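Let's take a friendly walk through a protein model, one piece at a time. Have the structure open beside you as you read.

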Amino acid sequence: MEFFRIRKDIPFMRHALVFNVISLITFLLAVFFLATRGLHFGVEFTGGTVMEVSYSHPADLDKVRSVLEANKLSDATVQNFGSSETALIRLPAKQDVTGAKLSEHVLELLKAQDASAELRRVDFVGSQVGKELVENGAIALLLVAVGIVLYLWLRFEWKFGLAAVIANLHDVVIILGFFAFFQWEFSLPVLAAVLAVLGYSVNESVVVFDRIRENFRKMRKASVPEVINNAITSTMSRTIITHFCTQLMVTSILIFGGETLHYFALALTIGILFGIYSSVLVASPLVMWFGVTREDLVKPEKKREEAVV
Amino acid sequence: MNRYPLWKYLIIAVAVAIGLLYSAPNIFGEVPAVQVSPLKAAIKVDPALMGRVEQALAGAGIEAKGALLDPTGIKVRFADPDTQIKAKDAIQKALGEDYVVALNLLPNAPRWMIAINALPMYLGLDLRGGVHFLLQVDMDGALTKAADRYASDIRQELREKDVRYGGINRDGQSVQVRFRDEATRDKAQAVIERSSPDLILKQQGAGGELLLVATLKPEAQKRIQEFALQQNITTLRNRVNELGVAEPIVQQSGADRVVVQLPGVQDTAKAKDILGRTATLEVRMLDEEHSDMASIQAAVGGQVPFGDDLMYERSGVPLLLKKQVVLTGDSISDAQPGFDGTTGEPAVHINLDGKGARIFQQVTRENVGKRMAMVLIEKGKGEVITAPVIRGEIGGGRVQISGRMTTQEAKDVALLLRAGALAAPMEIVEERTVGPSLGAENIEKGWKSTLIGFGAISFFMIVYYALFGLISVLALATNLILLVALLSMLQATLTLPGIAAVALTLGMAIDANVLINERIREELRNGNTPQNSIFEGYKRAWGTILDSNITTLIAGVALFMFGSGPVRGFAVVHCLGILTSMFSAVVVSRGLVNLLYGSRRKLDKLPIGNTDWHKKAVPA
């Protein structure tokens, strides 16, 4: 079986501007939503308490709300989680009561109201710890970006490193934009997914870049856009098959992995879809516009390792 | 050209064999067990204890599936959780409170596997259920306490040396002493500098309000803070031991935090209560009128004299103490192990605060030659730490306990005396509690999604790449086995994000095989011979695989460095998975291909899906 029976190179570079404009618009939209709506940070980052309480029957959320309100906990949000039997209660961080005591207090209230209430999970994070996690997350993101630029600079050339990072950071912003637009909860596993996507999408660019380098060597007379077109066309089959396989796994996590991994898988899905687009159709034109030349990669006196798709 | 030397096949075979061996324990799962360990290091674990456990079980009519004696304790396995809980109660009742009897899960793998350390993966709290606390030690509180201590020391010292001061008070973390004239202040400064070398003294104020401000030197501050943290950790350990948790973790995290993990604990309220509880120390006099053997024997038999309490020393010696409390632990400001100045034998030095010192001086003056007892009260039960004879009046609030002590015992006693109260207040800044049902559900969902995803990828790869697809799937399966084996060997903590990382790593690892297969197809399309195509395909794909895996690895390492808790689990699995995938996707799949095709002279076609389409005419 073979899906991609392409005989001629597709002139991607002719439409380079279009791809980048589409990208830019999506990017700006994402930034807009991030700025106006902001991320709905999980309790790990904001500090506060999350309790998952299960009942032997469908949970009556209104009753839960009313008992909390009656006890001066009106800033709590209550919703179903996973199934109708489970209630998720979020309590913002408070200065005067430590979260550890708060969760006990709430459970007592709920048990008094309905004896079948059973505590499944408590997450309490102090606001100081939350701040540190935000800082550490930002540092990790920065470190990954710098590390990737450096590595690609070493293996290829600075133009490639920069192009790959711009293309893939823009994926990250778009994922965050989705989370801001839909107000999905941005938790630690989502951060992990975002960083994994960053590493994974760069793969994509690397595969194309490898082919561009090889083509510069083989296609002596071709122009830069022709070289890039050929590189993208000949790696397209692999790109799509690989992403399809990864997406099979991610979809499986999305469907069967349960509520805890839901947003993790969602972030990966968005990342994979935009990753294909940006790492191929954004990174390569960027390299072209940065003014890549044959001499950048093919150095006659120094024999380089071959690497291809 | 597509042949591996024998050693390469051997490496693959050995790797796969080890992988199978060490991932196998995970299949057997875990059995419910009860773990018995002594509460104090002094109590030995020996076959006699084993006998008592067996007797207790036999007495309750509970059938065990086997018992294991090791230096740390006894582990008894049971068929199901119900028996396990019954057994725990029976054993606890028979052994009394000197032992921790905890519920635990033990690997169900055959004994020879456990003997070669082939254990199942170590599950994180989100998978096995339990409690995780992150406690923040209030370092400012520790320094404030230290400043209080120094204020009372200075007061004592100036009085002894007859230096007249206007007043002493603590202001934040510094101590201010007021004087009326310069000469006295200079004299006081000299006295304090000699007695408390840890202080920096500054002269402030003028006229009738002359001040001497004492602050702690930075290195002394650091020492006090480190000490406070260590002491809090020790105290927490002692308390956690009473909870009866099989594998508790109490360790330092960063400069001023302590992580406490209690797998399997469900009663978080009780756990919090015990962690936050303060033990108290009491100083009481022995009842000298009833110190004879007969009275004590009678008391052990139940006839305790009026106004007395029967208590035991740590070694088990019964003592009769007066009910009246001379001093409480609140009066102890510090206790340190050390040596007696004259005899050189190990001793414990105790510092009392001003009020405590006065009471102590009075009591010792009136009771020379009698014995006093230091009693540690926890959970409403008292235990005599030490009961020394008063040799003379003790003034100044500096008490030394010595005699019949080893260096280790002196250390322990000092610790126990200090453990009465935590060195610095602590606050829970992070809590994660996962119920057992949720943990089991997480495991099930995690593995289910991984296996379904794996199945879907396998199906697709075989349909799309035919036999080469099957080889890719076998390589991917090897990757899974190696990854699970590696995680089991390292006993790295597996969390739910960790399982997700296993799934994701498999989904990403297939990339290497797709790269190789696509490249082989391309070589075939370009008219290369099958053997050449295989050779070139693997050779050329390798560089790309390396590059792309290294970039992924960079992301993984960054996550590991800055992630915490479950995310760190994700990063560990992700990084290990990248390493195993490079081996399995390139070396193992190549080995299979070489084994199948390497020796074939005549090879016209490769079963890698249709690659001939380009030869047909293009429809007009």
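This is a predicted model: local features need pLDDT of at least 70, side-chain atom pairs count only at pLDDT 80 or more; totals for chains, interfaces and linings use all residues.

**Where the chains meet**

Strand β5 of chain A, residues 118-125, pairs with strand β21 of chain B, residues 426-434, in the antiparallel sense over 5 bridges. In a regular strand the side chains alternate between the two faces of the sheet.

The contact takes 66 residues from chain A and 68 residues from chain B. On the side of chain A that touches chain B, at least two residues each come from α4 (99-113), β5, α5, α7 and α8 (224-256). Helix α7(A) supplies the largest share of that side, 14 residues. By class, the side of chain A that touches chain B holds 37 nonpolar, 17 polar and 12 charged residues.

**Helices around α7(A)**

Now stay with α7(A), which spans residues 188-218, and look at two helices that pack against α7(A) within chain A. Two packed helices are described by the angle between their axes and the distance between the axes.

| Helix pair | Angle | Axis distance |
|---|---|---|
| α5(A) and α7(A) | about 5° | 11 Å |
| α6(A) and α7(A) | about 140° | 9 Å |

Because angles under 35 degrees count as roughly parallel, α5(A) and α7(A) are roughly parallel to each other. Among the residues that meet here are A:Leu141 and A:Val144 of α5(A), with A:Leu195 and A:Leu198 of α7(A). The residues of this contact divide into 8 nonpolar, 2 polar and no charged.

The angle of α6(A) with α7(A) makes these helices oblique to each other, and their crossing is right-handed. Their contact includes A:Phe160 and A:Asp171 of α6(A), and A:Leu198 and A:Phe209 of α7(A). This contact has 10 nonpolar, 3 polar and 1 charged residues.

**A hairpin in chain B**

Finally, turn to chain B, where strand β7 (residues 167-171) and strand β8 (residues 174-179) pair in the antiparallel sense over 5 bridges. One of the facing pairs is B:Gly167 with B:Arg178 of β8(B). The two strands form a hairpin with 2 residues between them. In the turn, B:Gly172 has a positive phi of about 65°.

How many of the 5 residues of β7(B) are buried? The count is 0, and β7(B) is hardly covered.

Definitions and conventions. Residues are numbered from 1 along each chain as its sequence is written. Chains are lettered from A and ligands numbered from 1 in the order in which they are written. A residue is buried if 20 or more other C-beta atoms lie within 10 Å of its own, exposed if 12 or fewer, and partly exposed in between; C-beta atoms are placed from the backbone. Helices (H or I, at least four residues) and strands (E, at least two) are DSSP runs, numbered from the N terminus. Two strands pair if DSSP finds at least two bridges between them. Axes are lines fitted to C-alpha atoms, for helices over the stretch in contact, and angles run from 0 to 180 degrees between N-to-C directions. Angles under 35 degrees count as roughly parallel, over 145 as roughly antiparallel, 65 to 115 as roughly perpendicular and the rest as oblique. Two residues are in contact if their C-beta atoms, placed from the backbone, lie within 7 Å. Ala, Val, Leu, Ile, Met, Phe, Trp, Tyr, Cys and Pro count as nonpolar, Asp, Glu, Lys and Arg as charged, and the others, Gly among them, as polar. A crossing is left-handed if the near helix is turned anticlockwise from the far one by less than a right angle, and right-handed if clockwise.
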